[in-house]
Amino acid sequence: MSKQLFVDPNERRASGYIHFEDIPVNQYKKTVKDELGNFTKEQFVNIYRDMLTLREFESMINSIKITGEYCGIAYNHPGPAHLSMGQEAAAVGEAFHLDVNDFIFGSHRAHSDILAKGLSAIEKLSDDELLDIMKGFLDGKTYEVIKDEPHDSVKDIAINFLLYGAMAEIFARETGFNRGLGGSMHTFFTPFGIYPNNAIVGGSGTIAMGAALYKRVNRKPGIVIANIGDGSLGRGPVLEALNMSGMGQLTQLWQDDMKGGLPVMFNIVNNQYGMGGQTVGETMGYDMPARMGAGFNPNQMLAERVDGFNPLAVIEAYGRKKKALLEGKGPALLDVVTYRFAGHSPSDSSSYRTKEEIEAWQAQDPIIEYRKQLIEAGVATEEECDAIVEKVKATNLRNFKLAIDEKISPRMDLVAHPDEIADLMFTNGHVESYGAPGQKPDVNMPMEENPRVQAIAKKERWGIDKDGKPVSKNKVYQLRDGLFEAIIDRFYKDPTLVSYGEDVRDWGGAFAVYRGLTEALPYHRLFNSPISESAIVGSAVGYAMAGGRALVELMYCDFLGCAGDEVFNQMAKWQAMSADVLQMPVTLRVSVGSKYGAQHSQDWTSLAAHIPGLKIAFPASPYDAKGLMATTLAGTDPVVFFESQRIYDVGEQFHEGGVPAEYYEIPFGKADIKRPGKDITILTFGAVLYRALKAADELKDKYGLEAEVIDARTLVPFDYETVIESVKKTGRLVIVTDACERGSFASEVARQVTEMAFDYLDAPPVVVASKNWITPAHELEEAFFPQPSWIIDAINTKILPIPGYENVTDQSLATKLRNESKGV
């Protein structure tokens, strides 16, 4: 069903004013004594213990970075250390009301957030639950190290487990939470609701929003927190996340129990600085981060500023905000005022701030102030507080010794096991459904009643008629139909699958692939996103991290640059950085254009293929499009799925019998010989296949040369075996791509084949690619994109002189050298 939101010109043109509500600023002023009836003694004391635990942990790292030792024990830690000493009250206050169903995502400065959330989870879980978690994680390797350490209870063991697992991860030990592959800036532990922390400033903004989307769509309990700094509010992806989390459709178009704002809190850890830039008065214009909430939705994101030096103030605010988020009143923004006593990192001399400023904040140290309040309120004595201090120090030291012990806590042995990280790059799984047992897909109708499904059933699935002529476009099963069949099939199998992007609903997508899905699916499974490429991809990453499958679209390949970090740093890396604790079933559809000029007609396959951790597909026929999309949507790895706009309407010409109506998959890393031959191998990527076939026709019909035409189908993984077997037969290789020649994946294949099959080559492989120019207007494209004549010209000039053939283009070495000297 299409949306029904009438845009009334009279309403939009009417005069009036926008009114804003007051945003509360540090309104909570209570002390421990004032709250005596609202907390137990144990809760009050644990708040103190937890803040001390965070401070001691960070002091340990600071000490080894600055002095090379901790408590007299020498240790060299060359890795990063972004410390948050001074921010403990904010972290502990945040975690107090959160349980394991509440997820936190953090920043590069997240040790305190991790520990605070973990300590809170330990208090709320039963002994049996804690033991199951510890024994089951990484086959018990982390638990085995600490299980016999001194303890009074299972919760003591769990605290050791938390501290040791985090330390081991920071020190790159295989017993760390992510086997040492995440490190200081990326440590996390999902069984406690601690999700990935991010080295990219503000990187968790879009990801946390996606996790909240997962909770809403799949009716999961809990809220999601994005712990991001005040400096991150200057980043575009964060602003995109703030907007997308409060989209109007969430309250106006989504229906029934899906209606309502997303349960996500943007927790602005306002420590006054973005590295060395002072946010207020220098690098930002907001005066207070809380002000930002007023710009993104009518309820001002429930924005509020709270005193992050008072843990009770943060606890009180989180109690209210969590309740509101669970009631569908999100998103929320909390401006938590705090201060980091240390520099951005231990190498930071804090030259951008005065000694007097640091001392002024240290004079109000939240741990010291809270201890005074505990004693004044009669909750604890000096002796009890001292005993807590000693226990915290002893626990931290004991786990430090374990974490740096090479025998107890070894690192990955990449000499003995050189492929250990390589084997973690892809999970290569097959999952029919990420849904919970008994969870059924939300759909509007049985699939067989869908109008597009019915229309496709009447089409000719083989593109050639009985007379050998192409079936007319209005009757033939097209490449876009193959994509649609694979996509709608998975929507009816996996209840977690969602799809969104620019104009995917109502319009059916810019190129009609999604036409028919609007009728089939409710809004929460298929919706138009804002024009926010970073938020589209980043939220898909968070959706997958939380446990679902996402299919998102950027419309044009050229827009990958708008989501560069989310594609190249987030989508690509989290599986391996988590040691495969996480899966990343995200499919990113992008189209390779033509006709639309320099910013809408580029083939950027090489950019995506260059980044480890991404699978890359580029089908060129309806049969391959359906089979590869089916494989993608049943897989567990991130895929960038390239599609050429030139061939959305092409019929099937290669698979005998046409495209099967039933479900099938095509494995990645298996190239397809579209036409056998014996004299020369032509390898193609995407739509250029059809121009290569025209060149092959001319070679055979006019010059008696039989070209073997191979369609790569996928770039990562890539099937070198098929190409090399062909080269063994032909001795010659031409690689054709619509990408610009310089740095293209075709050039990479040429290099690899030269190394792998040198003895079988009669001439070096030749790349025929687009010019190293901007893409010109449609009327000039034949001078830019590879043409059949270019392929034959390259063969004639560089591989095998063809008697009687005259080149159409200048393929001379002199011209090549001149162009290279000009940078083109």
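At its relative accessibility, does Ser350 count as buried or exposed? The model is predicted, and in it Ser350 has a relative accessibility of 10%, so this residue counts as buried, the cut-off being under 20%. Ser350 is found in the loop between β10 and α12 (355–362). Its phi is near 60°, a positive value in a residue other than glycine. Most residues other than glycine have a negative phi, and most peptide bonds are trans.

Gln272 is another non-glycine residue with a positive phi, here near 85°. It sits in the loop between β6 (264–270) and β7 (273–274). With a relative accessible area of 18%, Gln272 is buried, because the cut-off is under 20%.

The backbone also contains cis peptide bonds. One joins Gly330 and Pro331, with omega about 0°. Pro331 belongs to the loop between α11 and β10 (332–337). Another cis bond runs from Val716 to Pro717, with omega near -5°. Pro717 is placed in the loop between β20 (714–716) and α24 (720–730).

Asn310 has a relative accessible area of 12% and is buried. Apart from neighbours within four places in sequence, its contacts are Tyr28, Lys30 and Ala89.

Helix α18 (residues 533–546) has 14 residues, and the distance from its first C-alpha to its last is 20 Å, close to the 20 Å expected at 1.5 Å a residue. The helix is mostly covered, with 14 of its 14 residues buried. Gly547 follows α18 and has a positive phi, near 130°.

Helix α23 (residues 688–703) has 16 residues, which should span 22 Å at 1.5 Å a residue; the end C-alpha atoms are 22 Å apart, so the two values agree. Its buried residues are Val688, Leu689, Tyr690, Arg691, Ala692, Leu693, Ala695, Ala696 and Leu699. An α-helix has 3.6 residues a turn, so residues three or four places apart point the same way. The cover over the buried residues of α23 includes the strands β17 (672–675), β18 (680–684), β19 (707–711) and β21 (733–740), together with the helix α26. Just after α23 comes Gly704, with a positive phi of about 70°.

Helix α23 also takes part in the largest pocket, where it gives the most to the lining, with five residues. The space in this pocket is about 630 Å³. Its lining has 23 residues, and those nearest the centre are Arg646, Ile647, Tyr690, Arg691 and Lys694. By class, the lining divides into nine nonpolar, four polar and 10 charged residues.

Rolling a probe the size of a water molecule over the atoms shows where empty space is left. How many cavities of 30 Å³ or more does a search of the whole structure find? The search finds two. The largest cavity has a volume of about 60 Å³. Its lining is made up of 14 residues, with Phe511, Glu553, Arg589, Glu643 and Tyr648 nearest the centre. β13 (550–556) and β14 (586–592) each supply at least two residues of this lining, and the largest share, three residues, comes from β14. The lining of the largest cavity divides into eight nonpolar, three polar and three charged residues.

The second largest cavity holds about 30 Å³ of space. It is lined by Asp603, Thr605, Phe618, Phe685, Leu715, Thr737, Phe745 and Ala746. Five of these lining residues are nonpolar, two are polar and one is charged.

At 10% relative accessibility, Tyr805 counts as buried. Leaving aside neighbours within four places in sequence, Tyr805 is in contact with Glu698, Tyr703, Ser789, Ile792, Asp793 and Asn796. With one of these, Asp793, the contact includes a polar one between the two side chains, at 2.5 Å. Tyr556, by contrast, is 249 residues from Tyr805 in sequence and 38 Å away in space, C-alpha to C-alpha.

Notes. Residues are numbered from 1 along each chain as its sequence is written. This is a predicted model: local features need pLDDT of at least 70, side-chain atom pairs count only at pLDDT 80 or more; totals for chains, interfaces and linings use all residues. Side-chain values use heavy atoms; hydrogens and water are left out. Buried means under 20% relative accessible area, exposed over 50%, partly exposed in between (1.4 Å probe, protein chains only). Contact means heavy atoms within 4.5 Å. A polar contact is a pair of N or O atoms within 3.5 Å; within protein, one must be able to donate a hydrogen and the other to accept it, and residues adjacent in sequence count only if both atoms are side-chain atoms. On a 1 Å grid over the protein atoms alone, a cavity is a set of points where a 1.4 Å probe fits but cannot get out, and a pocket is an open set with protein on both sides within 12 Å along at least five of seven lines; lining residues have an atom within 4 Å of a point. Grid points are joined across faces, edges and corners, and a volume is the space filled by probe spheres set on the points. Helices (H or I, at least four residues) and strands (E, at least two) are DSSP runs, numbered from the N terminus. Ala, Val, Leu, Ile, Met, Phe, Trp, Tyr, Cys and Pro count as nonpolar, Asp, Glu, Lys and Arg as charged, and the others, Gly among them, as polar. The expected span of a helix is 1.5 Å times one less than its number of residues.
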